Amino acid sequence: MLDNIDFSRRMTDIEYRLETHEVRGELASLQHRMKEQKLPVIVLFEGWDSSGKGSMIANMIQTLDPRFFKVYNTKEPTPEEQRYPFLWRHWCRIPERGKMAIFDESWYPEVSRARIEQDLPVEEAYSRMDSINTFERQLSQDGYLIIKFFLHISAKEQSKRHAKLMGNKNTKWRVTERDKFRNKHYKTYYRMYDEMLEKTNTVFAPWHIISAMERRSAMNEIYQIIVDSIRRALDEKKVIIPSEYQVHPFRLIKQPKLADIPLYRRIEDDTYHTTLKKEHRKLSKLHNIIYRERIPIIIAYEGWDAAGKGGNIKRLTSALDPRGYEVVPIASPTPIEKAHHYLWRFWQNLPKDGHVTVFDRTWYGRVMVERLEGFCTEDEWKRAYQELNEFEYELQKWGAILIKFWLHIDSDEQLRRFTERQNTPEKQWKITEEDWRNREKWDLYETAVNDMIRLTSTEYAPWTIIESQDKKFGRIKAIQTLNDAIEAHI
């Protein structure tokens, strides 16, 4: 892709002022339309050292209302950031709807320069590029506009700019030994950049390669592309992903329907207490191992209202070191969460490696309550099965142990527990009008749950159905399932 760039383009100051005057004004106007129509925009500036990324961004933001954009200067991940999945810190920075995020370098150095400077294996680089394409496709389908620039200069021009900086005592600090190394090995970096651009150039997030040999012509082209892209996104309002970019289905494990699961299993009190102590001791020892080995664990709890999630979580976590786990209760999304991609809040709450996060309700709300209550469109919840499998696949690639529990009871048992809560003063806070309304939709929810289990029970993240008609039996099964998963992993 880099071979086809014309380095000869030049503009005079007069030409630049004439051509950019109108487009700069339109960009300011489009920013207000973005806010009104809640269009989130991500602009990436990648390219060679000394290609002018910083000055291009500085020029561009002079036109914008500073209340509605943020600039990120992305450096190499810190030791703390390295304890999370590759894309974690980038997911955390996506803008809310109606705002713009501008990246002075983004996720791309971690699949390009890292191959040379950090000995990133080719297979891992390709895997990360696949993850990036998935990440950008998910954002695009959710309404995000992604504009990607690669600023291109020749090796000779880069060397010339380095020499000019080093010739001034006030700017020579800006040219590091690493910059010199990159210029010396320009051809090696060229091949690596070209391959990266080729593999991540998609219809929903195409690359715009800009000749940055001359600043004015480069800036003018950048303005034109940004304005054209935002105007088109505001007018079209929907991204169509061609069939060649649709991902292949994940391999699924066959699961029974909820109606076919027997709920007669019970455990006697003596056996329960003895087994609970035994499994707690085992889990406590395993927690030390996963901390030492820096293995992250994510436990996702879903289930019927009154199925016993709270008590199950309490018994499971009581064997864990409180410094090494967190329980994240998931309620209705806040306004700031609604302003982002629905997975954003879950990426924010992932554990560091060696730690445990328990989600009380999860990302599966997209295909249950949001599906049934009309909080998302039919296209959105149908698309979500693939997105959820992709999300969990990223966690698996990171090295996480992912456990998914569905706590199952029958309708009669739920009614019994609801009535008990209603009639017991100290338990009345557990029962709400919404619980009763949801109960009226039992059959609809059962259909949605069966779809969820059938379509997201992958080889790397299968569902475990916990028979919770007897809460004590369900607690033991959950802890044993977790222990077995950890032992299998280590």
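Let's start where helices α5 and α8 meet: they cross in a right-handed way. Keep in mind that this is a predicted model. Two packed helices are described by the angle between their axes and by the distance between those axes. Here, α5 (residues 122-141) and α8 (residues 186-199) pack at about 40°, and their axes are 10 Å apart.

Is Gln138 buried or exposed? Its relative accessible area is 4%, so Gln138 is buried, given that the cut-off for buried is under 20%. Leaving aside residues up to four places away in sequence, Gln138 touches Trp91, His341, Leu343, Glu387 and Glu390.

Now over to the strands. Strands of a sheet pair through backbone hydrogen bonds, in either a parallel or an antiparallel way. In this chain, five strands make an open sheet with parallel pairing, and their order is β7-β8-β6-β9-β10. At the edges stand β7 (325-329) and β10 (463-467); each has a single partner strand, so one side of each has no neighbour in the sheet. On average, neighbouring strands here are turned by 20° against each other, ignoring direction.

Five bridges join β7 to β8 (residues 356-360), and the two strands run parallel. If you want a pair to pick out, Glu326 stands opposite Thr357 in β8.

Which strands does α19 lie across? Helix α19 (residues 471-489) lies across β6 (297-303), β9 (401-408) and β10, and it runs at about 150° to β10.

Finally, step back and take in the whole chain. It has 19 helices and ten strands, and its C-alpha atoms fill a box of roughly 85 × 45 × 40 Å along the principal axes. Of its 490 residues, 54% count as buried. Among contacts between residues at least 6 apart in sequence, 83% join residues at least 24 apart.

How values were computed:
Residues numbered from 1 in each chain as written. Predicted model: local features only at pLDDT ≥ 70, side-chain atom pairs only at ≥ 80, totals over all residues. Heavy atoms only, no water. Pairing = 2+ DSSP bridges. Helix = DSSP H or I, 4+ residues; strand = E, 2+ residues; numbered from the N terminus. Axes fitted to C-alpha atoms, helices over the stretch in contact; angles between N-to-C directions. Contact = heavy atoms within 4.5 Å. Left-handed = near helix turned anticlockwise from the far one by under 90°. Buried < 20%, exposed > 50% of the residue type's maximum accessible area, 1.4 Å probe, protein only.
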